[in-house]
Structures are given as C-alpha cells and as structure tokens.
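Colleague: I would like to learn how to read a sheet and a ligand site in a model. Could we go through one together?

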Amino acid sequence: MTPEILSFTEFGDSRGQLVAVESCRGIPFEIKRVFWIYGSEGDTVRGEHANKRARFVLVCVSGSCSVMTIEPNGVTQNYRLDSPAVGLYLPAMVWKEMFDFSADAVLLALASEVYDASEYIRSIDEWKASL
Ligand code: TYD
C-alpha cells in the first residue's frame, strides 16, 4: 500500500537511451491502459483522486512534474519526477495530486485497469470516509 520509486534499466549506447518495460517485468501489474498528460502548466493541479482498484506507474518521459501522495494511513509524500528512467508506483486507494508541470512535461501513466469512472473517488472527504 506504499508508493515506490522504480528505477528502470537504461539501454544506452552511442545512439542514445532506451527504456523498456513489460507487464510484470519492471511494472508490478498487467498493463491494461496507457495514457499521457501534457500541456499542463503553471498552477495546474491534476489527479486529485484515489482509485478503488487501479494501480499506476507514472513516468515523466519529458520535462518534470511533482506528485503528492497520501496513503490510507495518512503518510504524505512529495516526489519530483524528472527522469524518463524513473517511475512512481501508486497502489490502489492512494490519494494523488500532480502539479508543478514544466512546459515540456509529458507524464506517461501505465494502469492496471481499463478506465472505469465508477472506481475513481474524486472527493477527499469521500475517500477519507471510505478508509
Ligand atoms: P482525469 O481523471 O480528470 O485526469 P487526471 O486525473 O489524470 O488529471 O480525466 C480527464 C478526462 O479524461 C475525464 O473526462 C475522463 C477522461 N479519461 C478517460 O476517458 N480515460 C482515461 O483513461 C483517463 C485517465 C481519463
């Protein structure tokens, strides 16, 4: 139930870098959905939800952004994602907010579930009440 930084293996040579992940190899779940966020700048805050079932790995593949997490036990952490070789694993039921996006930020999200709006908890009061 704890967020975790994942360091991916980089296959680097004179041509540049390459990172590859697969379901259950580097990513701790079967990947059922991929989406990416870009064009978020300034005071933009995204996320602001918890997921009943979905787990995520977030990778800032370009630029940088911050992620604030609150675990069900109340532990709050801030992560700065600024490397395409690093992922942030988010278990289910973690409250998450993404902010401080650089203008060139592209935040890639790998998810364990297909999109289902009904498994998103978008009110922090509702989330606290459900714990
Ligand atoms: P939202 O959950 O608010 O994005 P974030 O929390 O990452 O800032 O989603 C924005 C819109 O996109 C909302 O109308 C739902 C839709 N959406 C999908 O249709 N599929 C998806 O996989 C995601 C993440 C969002």
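Modeller: Let us start with a single pair of residues, keeping in mind that this is a predicted model: Leu-6 stands opposite Gly-87, which belongs to strand S9.

Colleague: How do strands of a sheet pair, and over how many bridges do S1 and S9 pair here?

Modeller: In general, the strands of a sheet pair through backbone hydrogen bonds, in either a parallel or an antiparallel sense. In this structure, S1 and strand S9, which covers residues 86-90, pair in the antiparallel sense over four bridges.

Colleague: What is the order of the strands in the open sheet, and which strands are at its edges?

Modeller: The open sheet has five strands in the order S1-S9-S6-S11-S4, with antiparallel pairing. Its edge strands are S1 (4-7) and S4 (33-38), each of which pairs on one side only. On average, neighbouring strands of this sheet are turned by 25 degrees against each other, with direction ignored.

Colleague: Turning to the ligand, which residues are around it?

Modeller: They are Arg-33, Phe-35, Ile-37, Arg-46, Gly-47, His-49, Tyr-115, Tyr-120 and Arg-122, and this shell divides into four nonpolar, two polar and three charged residues.

Colleague: Which distances should I look at for polar side-chain atoms and the ligand?

Modeller: Look at the ligand's oxygen atoms: a polar side-chain atom of Arg-33 lies 2.5 Å from one, a polar side-chain atom of Arg-46 lies 2.7 Å from one, and an N or O atom in the side chain of Arg-122 is likewise 2.7 Å from an oxygen atom of the ligand. The protein covers 60% of the 520 Å² of accessible area that the ligand has on its own, and the elements giving two or more residues to the shell are S4 and strand S5 (46-51).

Terms used. Residues numbered from 1 in each chain as written. Predicted model: local features only at pLDDT ≥ 70, side-chain atom pairs only at ≥ 80, totals over all residues. Heavy atoms only, no water. Pairing = 2+ DSSP bridges. Axes fitted to C-alpha atoms, helices over the stretch in contact; angles between N-to-C directions. Near = heavy atom within 4 Å. Polar contact = N/O pair within 3.5 Å; in protein donor to acceptor, adjacent residues only side chain to side chain. Areas by Shrake-Rupley, 256 points an atom, 1.4 Å probe, with all protein chains shown as cover. Nonpolar A, V, L, I, M, F, W, Y, C, P; charged D, E, K, R; others polar.
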